[in-house]
Amino acid sequence: MKKILVILSLLVLATSCDWFKFDNMEQWDAQVEGRIIDSKTGENVQMAWPNNSRIDIYELGWDGEASEKWYVKCNGTFVNKLVWAGQYRMETVDRNFYPVSIPFELKKGENKLDFTVTPYARIIDPQLTYENGKIVARFKVEHADPSKTTNMDVALFGFTDRWVSDGNNNFDFDKVQKEGKLKKIKNADGQTVIELSIDPTKASGMQFVYKRDHFFRIGAVATGSGVNSGKRYNFSPVFKMSSDFSKVEIVTNWDEE
């Protein structure tokens, strides 16, 4: 009987201590959605998976700050439904815009939040057509800050789905599809029309093997002394071309998985 009383006493003591308390961490109480906006045009800065798909967020007030990764859709919009109300900072480097440090506040409930940034390069009036057996891209391009970047490379990327980018690309510009890329162009003045082309009769991995829709994107990478050393591309919207090359449209639905 004494042994039973001792055991019961120990159980009462144990259950009264913090070891047996349930986790009382508060649940997320805020949601946020917004855009990454070009400081000059007011348009969304086009992003791309996997190399330009996130921003770095820091919650203020902690002794040791750790970066939270907020993923951004390819059209430059973002949604995060699992956050807490509080004070934050968006401090992002090595993306396709100049480094920023932007403080902001999230309140409980829904929040609208846009970040204004300056991309390294801007692609202006992009167009995609099929002419004389080739896929042709025409556009203009400019340095966002000519005093900081002096080199400009441009390319037409192709992939089998809408996630086309410099990281998801089937074209070998050095060997086969040489007309799909230009290096160190001198006329990045925002006025001169630049032309790139792809020949679908030439081998390009799995891009033209099967009859299906094709996805294309123009990319421009502006670099300078110590600027954009990661060679992050700025992009046009994604173009979807039908399997017979007769129809071209811009991909606008980035809400579905």
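This is a predicted model: local features need pLDDT of at least 70, side-chain atom pairs count only at pLDDT 80 or more; totals for chains, interfaces and linings use all residues.
Trainee: Nice! And which residue in β8 is the bridge partner of I37?

Mentor: That's T116.

Trainee: What about β7, parallel or antiparallel to β1?

Mentor: Parallel: four bridges link β1 (residues 30-38) with β7 (residues 109-112). One place to look is Q31, whose bridge partner in β7 is E110.

Trainee: And β4, in which sense does that strand pair with β1?

Mentor: Antiparallel, over five bridges, with β4 covering residues 77-83.

Trainee: Switching topic: in what order do the strands of the open sheet come?

Mentor: The order is β9-β10-β13, three strands with antiparallel pairing.

Trainee: Why is one side of β9 and of β13 left without a neighbour in that sheet?

Mentor: Because β9 (121-131) and β13 (194-198) stand at the edges, and each has a single partner strand. From one strand to the next, the twist averages 25°.

Trainee: How many bridges join β9 to β10?

Mentor: Nine, and the two strands run antiparallel, with β10 spanning residues 134-143.

Trainee: Last one: which residue in β10 does R122 stand opposite?

Mentor: Look for E142 in β10, as R122 stands opposite that residue.

Notes:
Residues are numbered from 1 along each chain as its sequence is written. Side-chain values use heavy atoms; hydrogens and water are left out. Two strands pair if DSSP finds at least two bridges between them. Axes are lines fitted to C-alpha atoms, for helices over the stretch in contact, and angles run from 0 to 180 degrees between N-to-C directions.
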